[in-house]
Amino acid sequence: QDIQRVNEFLLVSEAWGISGSTSPYFKKGDYDFTQIILCSVLHLFGEDKTLLWPKTRDHLLNVLLLEEGGKPDLKTPRTMRIMRDTENHILMTEITRYLKNQWLKNHGSKEEKHDNSRNGLEKWFRSHLKEMLRTGMYEFNARPYMGYTLSALLTLHAFAESDELVHLTQKILADNGLNKGVTL
C-alpha cells in the first residue's frame, strides 16, 4: 500500500551478505533468504512502473540480486569447497540465479551467461529436480527448514518459463504431499 516507502527502502538497501550457510567461521551467509523474496518482488511487480519504479527494479537487479550466470554454487562458504551446502540454501540461491538470468534475457540481454539454455543452468536444474524426485528431499534438520525449501520451489514454479521445470517442481510438491489434488 505504501509504494513510495517500499521503493525508497529498497533503493537505499545494500546486500548484507552472500548466499549460502552461515557457520561459526563465517557470519555473512544466509543472504539467499533475502534474495529469493526479492526475486519474487522483481517478477511480481517489475513490469509495473507504478509499483516498482524502474530505478528500484534496476537496483534490485544490479545491487540486491547477487546471483547470475550458469555455474551453480553448491558448496558451503568458507569450507575450502569441500562441504556441500544444505538443500534450502542451494535451492534459494540457484532459483534466484535462474530467475534473474531469465529476467535479464527477457529484457534484452544477449549475454550467454543470462541464457539458461546456453549457459547450462536449465540442464543442471532439470537434473537436480529429477534427482530430488528420485531420492526425496534431504534437508538437514528438515522440519524447521522445510518452509525455505518449499518457498524456493514455489517461487520457481510461479515464475519459471520452462514448462519442464514447472512440471518437475509440481511433481516434487505433489510427491511430498504438499500439493494435494493436483493431477500430473
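## Helix α2

Helix α2 spans residues 31-45, and its 15 residues reach 21 Å from the first C-alpha to the last, close to the 21 Å expected at 1.5 Å a residue. The expected span is 1.5 Å times one less than the number of residues, and helices are DSSP runs of H or I with at least four residues, numbered from the N terminus. The buried residues of α2 are Y31, D32, F33, Q35, I36, L38, C39, S40, L42 and H43; buried means under 20% relative accessible area and exposed over 50%, with partly exposed in between (1.4 Å probe, protein chains only).

## Basis of the model

The model is predicted: local features need pLDDT of at least 70, side-chain atom pairs count only at pLDDT 80 or more, and totals for chains, interfaces and linings use all residues. Residues are numbered from 1 along each chain as its sequence is written, and side-chain values use heavy atoms, with hydrogens and water left out.

## Packing of α4 and α5

Helix α4 (residues 87-106) packs with helix α5 (residues 121-135) at an angle of about 150°, their axes lying 11 Å apart. Axes are lines fitted to C-alpha atoms, for helices over the stretch in contact, and angles run from 0 to 180 degrees between N-to-C directions. On the α4 side, the contact (heavy atoms within 4.5 Å) is made by E87, I90, L91, E94, I95, R97, Y98 and N101. Helix α5 contributes L121, E122, W124, F125, H128 and M132.

## Two buried residues

K100 lies in helix α4 and counts as buried because its relative accessibility is 3%. Its side chain is joined to that of E68 by a polar contact of 3.3 Å. A polar contact is a pair of N or O atoms within 3.5 Å; within protein, one must be able to donate a hydrogen and the other to accept it, and residues adjacent in sequence count only if both atoms are side-chain atoms. Leaving aside neighbours within four places in sequence, K100 is in contact with L61, L65, L66, E67 and E68.

L153, in helix α6 (residues 142-159), is buried because its relative accessibility is 0%. Not counting residues up to four places away in sequence, L153 touches L91, I95, L129, M132, M137, T169, I172 and L173.

## Positive phi in loops

Most residues other than glycine have a negative phi. D30, in the loop between α1 (3-12) and α2, has a positive phi of about 75° although it is not a glycine. R78, in the loop between α3 (54-64) and α4, has a positive phi near 60°. R78 is exposed, with a relative accessible area of 62%.
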